[in-house]
Amino acid sequence: MSRWGRKNVKKTPEVIRTVTEGLKSLYRKKLLPIEEYYGFHDFHSPSLEDADFDNKPMVLVVGQYSTGKTTFIKYLLEQDVPGSRVGPEPTTDSFTAIMHGEVEGLIPGNALIVDPNKPFRKLNPFGNTFLNRFQCAQLPNQVLESISVIDTPGILSGAKQKVSRGYDFPAVLRWFAERVDRIILLFDAHKLEISDEFSEAIGALRGNEDKLRVVLNKADMVGTQQLMRVYGALMWSLGKVFGTPEVLRVYIGSFWSEPLMVPDNRKLFELEEEDLFADIQNLPRNAALRKLNDLVKRARLVRVHAHIISYLKQEMPSVFRKDNKKKNLIYQLPVIFSKIQLQHHISPGDFPECAKMQELLAGHDFTKFKSLKPNMMAMLDELLSTDIAKLMPLLRQEELEAGVQPGVQGGAFLGTRAGPFVEGDPFGEKVEENGEDGEAEEDWIVTKDKPKYDEIFYNLAPSEGKLSGTKAKDWMVSTRLPNSVLGRIWKLSDVDRDGMLDDEEFALASHLIEVKLEGHGLPPELPARLVPPSKRRQKGSDA
């Protein structure tokens, strides 16, 4: 009776509601046991935790010192990062994870790696020297609600490349590259040489070319003819370092909030910035697809690793001449790779770097390696051929739902969709004004300079007391400020959201431009003291 009872008992299938849940379940039940059995973590990346699946998309910013990495991040966030400093010398000496937090503050590396909610616990093996150079900067910022940014130390050039950092810098870069969603590789238009350390760093990014975006920064410091030569030299250098015939996409621009020094290529910079920002803005929508892609890539490497380990185990003698055989097998590893490729029909692209594998194998006892287990390999094949495929409908559903979401918002992304600075739309999107309680009357801070601004306003020939978006844009662009900054100024100044500027709104825009040219930041929202007097009365009547 009990036997028949057992036969009729059916196991309740696990209900997977999101792609991330499905990936976590597949990893824990099918992939992780194989990784542990064949010692995958000793040769490749450490095991994944829930935080690796649950964390927000991350952007890794890499480049030589003084290429504008920290300034690029500040430009993106429109906010200073706690603990950051900008200068022509190597100023960033730490890996800094810039994440969202309700209160500004810094978390040191040793405290960071014990937090189970942060995806950094597996950085512990890099040791104290690295952890003393690792920190998390938390700040309330709208951009960081959708993504996190990793700032890296400036890569050294010239004679300085011989100075040791005290930790394996390329290995740390490789660890981050495997886990982030986008890698921004910055070059300076005046500094195209690729030092030994920079070459090693780029080598550490190999295998993650799909995440890589190259940015030629500070391009406003050279004229058009010189920029063409710089671009050509950069493409030649990149082709040599990456060793592939495919040409990487290079974004050209000047990613900071200061006026362009040579404005000849302004239109080009605007289009390039728009493309790069659109790519970053879409990261939250594509996060699940990236995690799925990375897990498949990892599973394929695990399969290859299992075959390599079991082959070496099989070839080892049971008693004598073990050391000699081990040396011989390590020397013949390229031949062994070829044999495994042919025998198991595995693509050469799935194999790890041979030289690195040879170096790692030298420190292991081959007699302790495990033999191939057919049931484990069948489970891995099922994961790659069937289980991942079952998640695809759920992935498409999530993509459709994410398609209506706005993506990354705030910071420099506000200015990319504001007023006449939207390509093809001279007036921008009209936004409904939220009614608020009337504020107490304050002196308007712009009043003292309004006669000066009125003269410019009436020289631009307003129609019925207002300047169209096109006329206002032509004047604002003459200040040489980047379009993303001018877009934010427009958004703040067009108080009534009618796509035009009256004399008070124009005076406000002029005031904000002067504030920006003096090196100050822009407020995220218009403070009461800057609201034009007539608009205050209008708000009061609306309320």
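Strand 1 (residues 58-63) and strand 6 (residues 182-188) run parallel to each other and are paired over five bridges, where strands are DSSP runs of E with at least two residues, helices are runs of H or I with at least four, both numbered from the N terminus, and pairing requires at least two DSSP bridges. Within this pair, Val62 has Leu185 of strand 6 as its bridge partner. This is a predicted model, in which local features need pLDDT of at least 70 and side-chain atom pairs count only at pLDDT 80 or more, while totals for chains, interfaces and linings use all residues. Residues are numbered from 1 along each chain as its sequence is written, and side-chain values use heavy atoms, without hydrogens and water.

The two strands belong to an open sheet of eight strands with mixed pairing, ordered 3-4-2-5-1-6-7-8. Strand 3 (105-108) and strand 8 (250-252) each have a single partner strand, so one side of each lacks a neighbour in the sheet. From one strand to the next, the twist averages 25°, angles being taken from 0 to 180 degrees between N-to-C directions of lines fitted to C-alpha atoms, for helices over the stretch in contact.

Helix 5 (residues 69-77) packs on the sheet and touches strand 1, strand 2 (95-100), strand 5 (148-151) and strand 6, its direction making about 145° with that of strand 1; contact means heavy atoms within 4.5 Å.

Asp350 lies in the loop between helix 14 (333-344) and helix 15 (354-361). The side chains of Asp350 and Arg300 are joined by a polar contact of 3.0 Å.

Technical notes
A polar contact is a pair of N or O atoms within 3.5 Å; within protein, one must be able to donate a hydrogen and the other to accept it, and residues adjacent in sequence count only if both atoms are side-chain atoms.
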